[in-house]
Amino acid sequence: MSVDISAMMLAIFLPLFGAIAAFLLPRAAALIGLVALALTTGAVIWLAREVWQSGAVILPLGGWGAPLGIDLRADGLSVAMLALTSAVGLLVSVSALDALKGAGQSRQRQYFWPLWLLLLTGINGVYLSTDIFNLYVMIEVIALAAVGLTVLSGTRAAVQAGLEYMYASILGALLFLMGVGFVYLQLGRLDFAGLMDAEPTGALIAAVALMFVGLALKTALFPLHFWLPAAHANATAPASALLSGLVVKAALYIVLRLAQYMPFPSEALLTLVGMMGAGAVIWGGIQALRAERLKLLVAWSTVAQIGLIFVAFARAGELGLTESWKAAALLILAHGVAKAAMFLAAGRIKDEIGHDVIRDLDRSPIRPTLAQFTFALAAISLIGLPPSLGFIGKWALMEGAMASGYWHWVVVTMVGTLMSVAYFSRVFAGFLRFDRVRAPVGEHQGWALADAAPLTLAFAAIGLGLMAAPILSFLEIGYPFGVAP
Amino acid sequence: MMDAPLLPLFILLTSLLASPVLFALPERAARLRTAINLGMAALKVMLVAWLSLKVAQGVIYDLRFEVLPGLEFKLQADPLAILFIALSAVLWLITTVYSVGYLEHGPHRARFFGFFSLCVAATVGIAMSGNLFTFLLFYELLTLATYPLVIHCGNAEALRAGRTYLIYTLAGGLVLLLGTLGLWVLAGTTDFVPGGVLTDAAAQNPLAAQLLFVVLIGALGVKAALFPLHAWLPIAMVAPAPVSALLHAVAVVKAGAFGIMRVVYEVFGIETAQALGMTAPLAALAGVTIIYGSLKAITQDDIKKRLAYSTVSQVSYITLGVALASPIAAVGALAHLIHQGLMKITMFMAAGNLAEGLGVKKVSQMDGVGRAMPGTMLAFSLAALGMIGLPPLAGFVSKWYLAQGGLEAGQGWVIALLLGSSLLNAVYFLPMLHRAWFRDGAADAGAPARPRIGWMLAAPPVTTAVLVLVAGGFANAPFSPLEWTRFIVDIEYLE
Amino acid sequence: MTLVPFLSAVGLPLVLAAALIWPQTRALVWRMMPFAPLPALALALLAEVPLNAQAGWLILGLTLGLDEVSRLFVIFTGLLWCAAGTTARHWMRHDPRATSFGVMFAMAQAGNLGLLLAQDALSFYAFFALMSFASYGLVLHSRDPQAQGAARLYIGFVVLGELALFAGLALAAAQAGSFLLADLRGAVPSDMAVALLILGFGVKLGVMPLHFWLPPAHGAAPVPASAVLSGAMIKAGLFGMMAVLPLGSLAYGDHGTMLMAAGMVTIFAALLLGVQQGNPKAVLGFSSVSQMGIVALGLGAGLLVPEAWALIMPVMVFLAAHHGLAKGALFLGTGAFAAQGGAPGRVAVTFALLVPAFVLAGLPASSGALGKEALKTALAAGSAVWLPWLVVVLTLSGVATTLLMARYVALIWRSPPKAPEQTTPEAILLPFLALGAASVSLPLTWPLLARSLAIPVSEAAPGALWPVLLGVVVGVGVAVHAHAQRIGPAVFLSHLTAPFRAVGARAEAVMAARRRSVRRLAYAIPKTLGETAERWRLGQTAIALLIAVILAVELGATLRADTAIPAVQQIDPDLLDDLKLIPEF
Amino acid sequence: MTPDLIYGLTGIAVFGIGLVGALCVQERLRRVLALKLCSVGAGFVLVVGAWREPPEMPDPVPHALVITGIVVMVSATAVALALIRRLQTLEATDER
């Protein structure tokens, strides 16, 4: 059977082959990984060009097509997610080169690359597939790879966290699978196009419920977040960056897609989701305020941010999701970039100072200035201060909420913002206080190469805000959610 | 290039680009850093002079860039903007000189100067923003850029002050975001247009408009240190002297006052604001702040705290002048924007010199410092007398116009207010001068008769003091602040 | 017209005085004391004026009567005696010399009321003397050296005054050929007689330079006595002049000038002397002197320009009533203040005292201000030469009085007058408040009482505030300065700013405490919450729970199908035909 | 009461049992087994989709799906077991 090489297939299979290769020859793992990533990025760019020129693209694999065959489809949203993935992935990989160069980290070096490429395969697959069974397979792949990355550091805490994560994500996947089963019983087909014009019957609704809960579990939406902080906090820096920046987003993306194609959601369910999001914002904020370690704080802030994204998703006024999904998408992108930068920076700080206990940050005479600066920039985007992309997302969210008179979501957003200010300012205080240092403070020496990648990410998180207009117009290619009437 | 449309952008970039470079410089490269600082500052002054010439000739500068559909990042250079830019540019130059001298051997100079110029960039941005959205952008940037300066000393007290500062200002910023969104939803635009953009919306939905006014003024009032929201200012004076000088004279406080101007004149429009019945309460609030600040100032023994509270009171003159809704009062307010800046920066730099040269930090220690540091104290005295409002110093001019405006607006109480506040100013400044000049106390017994402070510390306050004298004495000369404010007020009120 | 009411009016006090001699009746008498003036009051309020009653059989033919003017005098004098009597009853309850005081008090009262009712020179003189000499006992009451000095001074001046008065009356009567006061008024007395009369009454009036006795006497006498002394008795001088001098018919330029000059001097000299006093009641005495200066001013103008008298006379009466009530209230208030045990009571009384004080100082629309304004207008009819001066003086007198009052208030705090032990403060408070109320309400009640005589007053302008304000400001300024001097300027400034600092400190303390507790909670609550969630594996159970909830929600939503939101409004065409491209399975 | 219905309900029941186990059980291995149960239940439900009235041929697609699902689940189980063993060894070393 003739398979015409298309960007989409490359985007999925290049990482896959890369993973296999990297697994087979661990010596060259890093090289292979970087090359694979570079190629994938190239493919994504190619795809983006294609989509930019000629709208949404559909590729029936093996020419069978839906409902049986496997289709790949790319529109503005999915390409944006792909771009996020490969951009963040590339930079994280670069910094991984530095982060994993330690003597005791040979095992990590050996397994990081295959796992990460496998993860990339899964993620790209999620963004491109058009039927829910595919999605199931992909999230399982993601789950396995992600768990692998979590336990990479091999410490007991990491393994424990990884195991919890494993249980959660497999359970989530299985719930999803059950949903898939119901859908098939109901419709006899699994592709989005089939779902789109389905009647909301009991079985379908059960399917929706199962799938949504499964995904909420995988994306750690409050109160299903119990596994996330430990997992993200105990992984090595690049792993945490990937997990928090990209993996969580895959599940979010699926939720968006389901919301697009399913007879779903009703106003009431949206409100429920919004309430869960609000709960996440508050609870995540509180926990971040109490967190004692830097990475734990960052992990909890992830919980809060995801909650915010769901709030954005839930503030669909009478327009339905036609408008609100944009705010969600913007926030997803913003959080992806910024959080990756933040985790990398946190890792750098931890490596430099030797610990990441927030209370004692200001006791150390060593001040990794650039890493701290990066952290601050990322924080600016996460708090949502202008002109960062996070600000734009928050703007879109609040504007929509106001326009449709949903003041409670506005309030939630503002509270969340204030809390994020509070918990990040704890860290800043640690960076900028000097009177508890015994030894003379080492003065900062210009740039350090290891900080380049996170710094770039952080600057991107800020700067993309000024490019919000083109980003939005790109997202709208193929009107993922139709156009406003 | 005789007429550069990008001129405002260049002015912004002079300091915006300077800051990353300064960050990157290693701690040792002091000379290079100073060179960049001064060079950029001087360049900026020149560009601003050019720009103001152009604007005076009637050239319109308007740079736009769409961020979200319909939502623009917009820089404009109208006379009002020029007023503020000129102030910040000139004072930036002076303060840079001063802080180079002040921090000669201090730690973290790279960080300091990086954020310092970032802070000025933000100020310039605030001045030139053409709509509330852009304003918000730079307003937040200003907050972030000043935070590290406030806590520069890096000790527990500084950090506490910094936290207070951050909470107040970021909360204010958040409320401003809310207000901006509200404006965007209500009026469909956030542009600054002389005469306001809300006339119709206010007519249709006065309640919402009033609410919006309260939200916006509340948000800006945090930085402008209006009465209930002023608490951060006196605390923030733990910052190093040049920072306090900048904070109080140019950057933060003035940003708030400037924002209030923009909001009242160009978002609501003075008529609309009056029609909504919001100006009178604002004026009353300003009045309360003026008196309250002065009263608190009397009770302070720490020099900088006293100056800080005096700022709380003095800045509200600007709000008052705006809220009186009379052209003449507006002239007074705008002039005070400049004059208060000059006077207050002088006083803070002088206070810094006292602390540096004699270790004098409290009013009660000021006995005889006049003889120990004549130049500095002369500058201080000039500024203080200006604050009290003695002719021909700058403070007199603005107070005079405010009083006239009050009469014009038929608000007799303003006179009483001004007299009262002048009296209070006298009550808390004259004792300082008395101690400084007419008492020979422990100060010169303990410290050397003539402490050695470099010219970089000595010259700036004297310069600004001279400026105070000039701004007052030649108030009617062309291109004097007063003349320029008249120019602005014509625009704002003829719309 | 029968003589009975007159005799009862004069007689009741005399009877009481007599009855005090027997111990058995004393208690009763003291209980009666407040009501002694009632007959006179009743007469004045109810009787038709003018009325006369002859008693040819008494002495040299006694004539008692009542006319418009004396009626008003009787009213406020009676009021004062009532209040004073009430106070005296409680003030003297445990006083060893209560009886002698009572006798003197009653006799003086009899004299005071009598002279107001007398219609012929002799009886007038008799009652006048009775009052004056009886008061000696009141002044001397406490018997301490200060009181004795005051009494000596007093009696000296009284004697001088009596002599002058006697001579003057005699001369006038001789020239008029009748003893009736009406005839005296109608006659043409010689300059000498007028001079003597002015001298005699001037002593009682306390016009400078005849004032020396007044402040010490008022300072020394017990509170109830000094109240009537300066409230009621000194008005006798005014009443005498009005009753005897040919005011309104003849012009006595020199005398008038003299009197006016003396009045002017008095007004301000009294201020200068008064502010130096250390005894609050003495200060009140000086204020009386200065007020009487105003009266003298009016009288002098009357003498100078007879035409003006018709206008001046009612104002004089009004001023007399005004000063009588206000000053009486102040004296009684002094007593009430002294009687108060604790600071709170004293503060309250002080505030109550401020009311008559301001009335006296001439707060706008108060009787003081009205009187002065009316006097100005009345004087406008008089000599154009004096007028501007008079206006200025009258206006400034407000400042003077205010200063005196400020001094007085300061003094009652610094050196409060002695009060007898175990009095009943409330009982003493009551008459004070009554008089205060009377003096405040005077502008309203006056027209009712004085009918036609009230016209110039009721027509008078409310008067200006600034003199009083000026006085207050100066007074406060002086007080603050003195205070500052005493405790030293620095301490003073710190005192000024203390409240600020206190408030600030307390606020900070509260905030700190609040913050600490909040922080503790903020750490404790989430911790416990999180742990409980861990223990009960809430996260995991939430999974099942959520499935159920969503099912419920969605089913509910589909039942109400309309609420379900169409996820897609409109798919773009190319997507649609993309989908069409796919062959159906 | 057609066979497919019975089959489907059984599947759901099995899944439910597995779910309860996954949620309530603490012990690691048993949780893995509970998850396995879930997957089996899900598989049942999928396979039911293949059932047709006897004359017709059953639908092949679900079989494909179920097989895929089983493969995935096997690998997942493998990883989980590996993790559990690693954890046990780690704990053992910590004890020592």
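Guide: Of the 96 residues in chain D, 35% count as buried (20 or more other C-beta atoms, placed from the backbone, within 10 Å of the residue's own). This is a predicted model, in which local features need pLDDT of at least 70 and side-chain atom pairs count only at pLDDT 80 or more, while totals for chains, interfaces and linings use all residues. Residues are numbered from 1 along each chain as its sequence is written, and chains are lettered from A and ligands numbered from 1 in the order in which they are written.

The secondary structure of chain D consists of 3 helices and 0 strands (DSSP runs, H or I of at least four residues for helices and E of at least two for strands, numbered from the N terminus), and along the sequence this reads as α-α-α. When contacts in chain D with a separation of 6 or more are considered (C-beta atoms within 7 Å), 47% of them are between residues 24 or more positions apart. The mean pLDDT of chain D (the predictor's confidence in each residue, from 0 to 100) is 85, with 98% of the residues scoring at least 70, and the model as a whole has ipTM 0.68 and pTM 0.70.

Chain D meets chain A through 30 residues of its own, which are in contact with 23 residues of chain A. On the chain A side, helix H5 (132-150) and helix H6 (156-187) each supply at least two residues, and H6(A) gives the most, with 16 residues. By class, that side of chain A has 18 nonpolar, 3 polar and 2 charged residues (Ala, Val, Leu, Ile, Met, Phe, Trp, Tyr, Cys and Pro are nonpolar, Asp, Glu, Lys and Arg charged, the others polar).

Among contacts in chain B between residues at least 6 apart in sequence, 80% join residues at least 24 apart. The mean pLDDT of chain B is 84, and 96% of its residues reach 70 or more; its confidence is lowest in helix H20 (residues 442-446), at a mean of 49, and highest in helix H8 (residues 206-224), at 90. Where pLDDT is low, the predicted coordinates should not be read in detail.

One helix pair of chain B can be followed residue by residue. The axes (lines fitted to C-alpha atoms over the stretch in contact, with angles from 0 to 180 degrees between N-to-C directions) of helix H3 (residues 79-102) and helix H15 (residues 327-358) of chain B come within 11 Å and cross at roughly 5 degrees, so H3(B) and H15(B) are roughly parallel to each other (under 35 degrees). The contact includes Leu83(B), Leu87(B) and Tyr98(B) of H3(B), together with Ile338(B), Gly341(B) and Met349(B) of H15(B), and by class has 10 nonpolar, 3 polar and no charged residues.

In chain C, helix H13 (residues 280-304) and helix H17 (residues 387-414) have axes that come within 9 Å and cross at roughly 170 degrees, which makes H13(C) roughly antiparallel to H17(C) (over 145 degrees). Phe286(C), Ser290(C) and Ile294(C) are among the residues that H13(C) brings to the contact, and Leu394(C), Ala400(C) and Arg407(C) are among those from H17(C). By class, this contact has 13 nonpolar, 4 polar and 1 charged residues.

How values were computed: Two residues are in contact if their C-beta atoms, placed from the backbone, lie within 7 Å. Angles under 35 degrees count as roughly parallel, over 145 as roughly antiparallel, 65 to 115 as roughly perpendicular and the rest as oblique. A residue is buried if 20 or more other C-beta atoms lie within 10 Å of its own, exposed if 12 or fewer, and partly exposed in between; C-beta atoms are placed from the backbone.
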